[in-house]
Structures are given as structure tokens and as C-alpha cells.
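I opened this model to look up its strands, its core and the shell around its ligand. My entries follow in the order I made them.

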Amino acid sequence: MTQETAIQDQIQGNHCFGCGPDNDQGLHIKSYWTEKDQTRCEFFPSAHHNAGPAQYLNGGIMATVIDCHTVCTAIADGYLQSGRAVGSGDRIWYATGNLDIKYLAPARIDTPLILEATITERSPRKTVLHCNLSSDGRLCAKAEVIAVRVPGDW
Ligand SMILES: CCCCCCCCCC(=O)SCCNC(=O)CCNC(=O)[C@H](O)C(C)(C)COP(=O)(O)OP(=O)(O)OC[C@H]1O[C@@H](n2cnc3c(N)ncnc32)[C@H](O)[C@@H]1OP(=O)(O)O
């Protein structure tokens, strides 16, 4: 199960700092389905995304890309569960209700991140996801995220 168009590029009107195509100063992450209930994102940090040491990535950036990759996955899944193409018809939105992240190892600033999200639970009001963040073949963070459905005009 693969797709050529990123989830974020199928959703209109997204100004999110992490994932919104409409945010000129955002991170512009791109997420793709890989298998049923699984998505992947590759993100190249910029030089100014440092933690204190110049060689390592800031933990808030790590949390942001996990947040956006998982919530965009929940949004896309919301459309699919409704039998609709992603981005079609009335807007389906989710917001982050909970983000529980464990930092396991530093991620280098000069190495792409690989994010792999899996939907572990879904109900009409919320979607629960697990996400691994790896860099240079090493698991650097893992997270549990609860995405909660909100109105289309949220
Ligand atoms: C095209 C757009 C693309 C956008 C992508 C954006 C990616 C980035 C996402 C973000 O960063 S969003 C910004 C950060 N998040 C927020 O600002 C959310 C602030 N909180 C809220 O607005 C509300 O508290 C929230 C929408 C999360 C929940 O309020 P509700 O009153 O709608 O929830 P409700 O009490 O009806 O609960 C619905 C379900 O969610 C669960 N839930 C609600 N809040 C939760 C919470 N905080 N943690 C865990 N679970 C929560 C709740 O237990 C319940 O589960 P069940 O259906 O199983 O009973």
C-alpha cells in the first residue's frame, strides 16, 4: 500500500507549523502510507534546528514532527474510514489530545529522520497511534499519541 501524493498535499487549508503546506516558515513534513494502518515520513533537519550541542537535533522539533506525522495519519484514516478520498467533502480534522514521548538517543542534525507510525486503536472520537523516530539506523524516540476528532471549523 503506497501512494505518490503525500497526505499533507491532499488536505486543503493547513497552516500548521509542522505539516502545513500553507505555512511559508513551517517544516513541511510529508507522510505516506506504507501498509494498512502504517505511515512513514522522512524529514531532513535544517542547521538551525539544533539542541544545545550543534551536532544534535532539538527535542521540540522531534516532538513536532512526531505530532504532525501521527495526527495527519489520523486525519487521513478518518477520511478512509468514512469511505472518502482524503481531503474530499466536509473537512475532517483531528487535534493532539496527548503526546507521550520518550527520548532514547540523540539524533544528529545532519542526518535524515525516519518516522514510522502505526494506528493501534480507533473509535469514532479518537485515534491512538504509536510512532518510532529513527536516525542513522538508531531508534532515537518513541511516542504514543492520542488524536481527538474536532469539528471541521476548529
Ligand atoms: C488539515 C489539518 C491538518 C492539521 C494537522 C495538525 C497536526 C498538529 C496537531 C496539533 O498540534 S493540534 C494543537 C494541539 N492540540 C490542542 O490544542 C488540543 C487542545 N485540546 C482540545 O481542544 C480538547 O481538549 C480536545 C479536542 C483534545 C478534546 O476535547 P473534547 O471535549 O472534544 O473531547 P471529549 O471529552 O469529547 O473526548 C473524546 C475522546 O477523546 C479522549 N480525549 C479527550 N481529550 C483527551 C486528552 N487530552 N488526552 C487523551 N484522550 C483524550 C476522551 O477520553 C474520549 O475518548 P473516548 O471516545 O474513548 O471516550
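**Entry 1: the end of the last strand.** I start with a term: strands here are DSSP runs of E of at least two residues, numbered from the N terminus. The model is a predicted one. With that in hand I looked up Pro151, which sits in the segment after β6. Is Pro151 buried or exposed? I count Pro151 as exposed, because it has 9 C-beta neighbours inside 10 Å, and the cut-off for exposed is 12 or fewer.

**Entry 2: β1 and β2.** β1 covers residues 31-35 and runs antiparallel to β2, with four bridges between them. Ser31 faces Cys41 of β2 across this pairing. Two residues lie between the strands in the hairpin. One thing I checked there was Asp37, in the loop between β1 and β2. Its phi is near 70 degrees, positive although the residue is not glycine. Most residues other than glycine have a negative phi. Asp37 counts as partly exposed, because it has 16 C-beta neighbours inside 10 Å.

Entry 3: Which residues of β2 are on the covered face? I found Thr39, Cys41 and Phe43 there, within a strand that spans residues 38-43. Gln38, Arg40 and Glu42 make up the uncovered face. In a regular strand the side chains alternate between the two faces of the sheet. I then followed β2 to its pairing with β4, residues 113-122. That pairing is antiparallel and has six bridges. Arg40 of the uncovered face is opposite Glu116 in β4.

Entry 4: Nine bridges hold β4 and β5 in an antiparallel pairing. Their hairpin connects the strands through three residues. Arg122 has Thr127 of β5 as its bridge partner. Thr127 belongs to the covered face of β5, with Leu129, Cys131, Leu133 and Ser135. The uncovered face of β5 holds Lys126, Val128, His130, Asn132 and Ser134. How many bridges join β5 and β6? I read 10, again in the antiparallel sense. One of the bridge pairs is His130 with Glu144 in β6.

**Entry 5: the turn at Asp136.** The hairpin of β5 and β6 has two residues between its strands. I looked up Asp136 in that loop. Its phi is near 55 degrees, a positive value in a residue that is not glycine. Asp136 is partly exposed, because 13 other C-beta atoms lie within 10 Å.

**Entry 6: the nonpolar core.** I asked which residues have the most contacts inside the largest nonpolar core. They are Met62, Val65, Ile66, Ile75, Leu115, Cys131 and Leu133, in a core of 35 residues. β2, α1, β4, β5 and β6 each give at least two residues to this core. The top contributor is α1, with 10 residues. Leaving out residues up to four places away in sequence, Ile66 touches Ile101, Leu115, Cys131, Leu133, Ala141 and Ala143. Cys131 and Leu133 are also on the covered face of β5.

**Entry 7: the ligand shell.** I counted the residues around the ligand: there are 21, and Asn14, Val71, Gly97, Asn98 and Arg125 are the closest. Two or more of the shell residues come from each of α1 (59-81), β3 (93-103) and β6 (138-150). By class I have 12 nonpolar, six polar and three charged residues in the shell.

Entry 8: Arg91 is in the loop between α1 and β3. I note Arg91 as partly exposed, because 15 other C-beta atoms lie within 10 Å. Arg91 and Gly13 are 78 residues apart in sequence, yet 9.7 Å apart from C-alpha to C-alpha.

**Entry 9: the record.** Last, I checked UniProt. An unreviewed entry places the feature "domain: Thioesterase" at residues 56-137. In the model that span is 28% helix and 38% strand. Its end C-alpha atoms lie 15 Å apart.

Methods. Residues are numbered from 1 along each chain as its sequence is written. This is a predicted model: local features need pLDDT of at least 70, side-chain atom pairs count only at pLDDT 80 or more; totals for chains, interfaces and linings use all residues. A residue is buried if 20 or more other C-beta atoms lie within 10 Å of its own, exposed if 12 or fewer, and partly exposed in between; C-beta atoms are placed from the backbone. Two strands pair if DSSP finds at least two bridges between them. A residue is near a molecule or strand if its C-beta atom, placed from the backbone, lies within 6 Å of it. Ala, Val, Leu, Ile, Met, Phe, Trp, Tyr, Cys and Pro count as nonpolar, Asp, Glu, Lys and Arg as charged, and the others, Gly among them, as polar. UniProt positions are given in the numbering used here, feature names are shortened, and annotations may be inferred rather than shown by experiment. A nonpolar core is a set of buried Ala, Val, Leu, Ile, Met, Phe, Trp, Tyr and Cys residues joined through C-beta atoms within 7 Å. Two residues are in contact if their C-beta atoms, placed from the backbone, lie within 7 Å.
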